[in-house]
There are 2 protein chains.
Amino acid sequence: MQRYDVTQLRRYCTEIFQRAGIPAEDAELTSDALVLTDMRGINSHGVLRAAHYITCIQAGGLRPDGRLEVTAEGGAFLRLSAAGGMGIPASMRATDLLIEHAHTQAITIATLNHSDHYGAAGLYAQRCSDAGLIGFSMSNTCPMIAVTGAAVKGIGNNPFAYAAPGRRHRGILFDVCMSVVASGKIQIAAAENKKIPTGWIVDRDGQPTDDPQHIYQGGSFLPFANHKGYGFAVMVELLAGILANAGILSEVRSWNKTPGRESNTGHCFLAINPAFFGGEEHFRQRVDQMLDSLTSARKAPGCDRIFYPGEIEFNHEADALEHGVPLPTPSVDELKKAGELVGLPFTLPPLPA
Amino acid sequence: MQRYDVTQLRRYCTEIFQRAGIPAEDAELTSDALVLTDMRGINSHGVLRAAHYITCIQAGGLRPDGRLEVTAEGGAFLRLSAAGGMGIPASMRATDLLIEHAHTQAITIATLNHSDHYGAAGLYAQRCSDAGLIGFSMSNTCPMIAVTGAAVKGIGNNPFAYAAPGRRHRGILFDVCMSVVASGKIQIAAAENKKIPTGWIVDRDGQPTDDPQHIYQGGSFLPFANHKGYGFAVMVELLAGILANAGILSEVRSWNKTPGRESNTGHCFLAINPAFFGGEEHFRQRVDQMLDSLTSARKAPGCDRIFYPGEIEFNHEADALEHGVPLPTPSVDELKKAGELVGLPFTLPPLPA
């Protein structure tokens, strides 16, 4: 794990995305989002993915100049299309439109189809929270999870996030997928040749296994808490897939397996404006009060501190802003690969330890 | 488990609630909701609770004639108060107002404070679904769960439900609380003097235990999937507690411990109208398609059938409609207790087997 200068890293990422054909402003939105995700400590969804996006562009599955289009809109809703372009800049612009509407609405919903992998779900929820709103963000994905009773994957791991602002506390940020563990943990165990607990994945026949390699041999992830993770995955499919008029289930294509085909991923965003429910200031103070109460409870044996949802990520972010972004080796390797794909070698020096 | 005639059971429950001082229409709404919940097989939230409601009324913690009040409203929102009355009739009326608004809105939100235990969360979500909408329903509760890292209970098990209509299929109905298992399972294990798996609850010191009795001795429930259940519980507290201007966390009082005090429970309901997103018929067909796809996957070893969320409950409901409502002994015992509280003995004959 080595640290890199935030500004330099952003600039480098922006440049490789521009070289891949993405217009300057969209390249910057994408770069800022990925670097911010690494700053929050979610390396699985940060610059690690840069080469994936560029591979899809070069394979023809992503239109680098696809821009957000408004399909329909009304007071409390927006139906949007990413027009086959990058998921991150489309979702950033969608969130900004949502926030604009939300200033005069108690609640607003935006759906987005013809999109692609949109990075960390929490990015868009937190953007709403930074604007004083409660934000929700969700996306479907290609099938990864075997639902309760199934031997094979049938639904995506369908990330879901929400965020809300506090006053003394920055607020709440919660971002999860619907599998027991994120795919990154399986990848790491596989790379290190380690066993995993049974209950995380099943093999191609739907049998329990402790061998992470099975995920690459037709295996499936299991939903968290059995039917609960299944039901939340269906909720996301309903809003981000069906309601958004995007692909659903196996209609959503994997960027690993078919980088040359549009994935037609769908997203759904919601914003609630606390001003309509007793005032923003009152809301923020009650959020503070809730977080104070939750984190000051008597600790479990062996536990030093209780965190509220998002606290660890915000701590990471503040630390990265001050001391540079820590990037694990796989992230640096993928950045190098991304640089090679567009002929701009990665030469950023790590910061002195 | 004996079966009872649906109409007779509804009539009996309506009458005991009326005798407890609840106006006729509200008594009927409450009775219908409880019996419907038993019909769906969720006996933990059906007539089993009748005596609890009456005890709270008689102790002064619930105003039997508290009626739903509109605090504020706009196009896409309603702020409502149950005025210290029964949670079920207030929530039924709130849902009907929500549905009315939702006919001309892409999305509508209703919050409800000064309420009490509202029965099964899924009742209100399914009522929206029966009207062709996507419905969401959530409520906070008095603290029951020790959040990740805590030794003691700090947040409710905060039920959450959503529902959406299909065409050939009735649709999706998903209704969960945020603990690993519902309190009913612990109660049953305790009554039968059986051990439970560690990981369901902790004792008063936050230590893992397999003894269900500890839940009655200061123990706490654990959230499902650790920080995931924690984060979803906070989401419900945010919307049903803070946004609704209801009590939050320990401000919400237990109807078991303090039946004589207003609980100030809060709820939040949402409705999304698919007509604004490509049409209701198209939406229903896509829901059917999703459910067909999920349930026709290759089965896991030892599994005969894959169910979609709500399918088991709908099957129970259809069966109960045809053959009568099956009530387990504790439900009948509680009905008898409720009848004694208001001087109307329970004399309904069970249906012939």
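A:Glu251 and B:Arg286 form a salt bridge through their side chains, with 2.9 Å from N to O; the term covers a side-chain nitrogen of Lys or Arg within 4 Å of a carboxyl oxygen of Asp or Glu. Across the interface of chain A and chain B, two salt bridges are found by this rule. This is a predicted model, in which local features need pLDDT of at least 70 and side-chain atom pairs count only at pLDDT 80 or more, while totals for chains, interfaces and linings use all residues. Residues are numbered from 1 along each chain as its sequence is written, chains are lettered from A in the order in which they are written, and side-chain values use heavy atoms, without hydrogens and water.

Chain A and chain B each give 75 residues to the contact (heavy atoms within 4.5 Å). Together they bury about 6,100 Å², 74% of it on carbon and sulfur atoms; this is the accessible area (1.4 Å probe) lost on putting the two parts together, summed over both.

On the side of chain A that touches chain B, the elements giving two or more residues include strand S3 (77-81), helix H7 (227-243) and helix H8 (280-295), helices being DSSP runs (H or I) of at least four residues and strands (E) of at least two. H7(A) supplies the largest share, 12 residues.

One cluster linked by ring pairs includes A:Phe136, A:Tyr162, A:Phe232, B:Phe136, B:Tyr162 and B:Phe232.

Definitions and conventions: Rings of Phe, Tyr and Trp (its six-membered ring) pair if their centres lie within 6.5 Å; planes under 30 degrees apart count as stacked, over 60 as edge-to-face and the rest as tilted.
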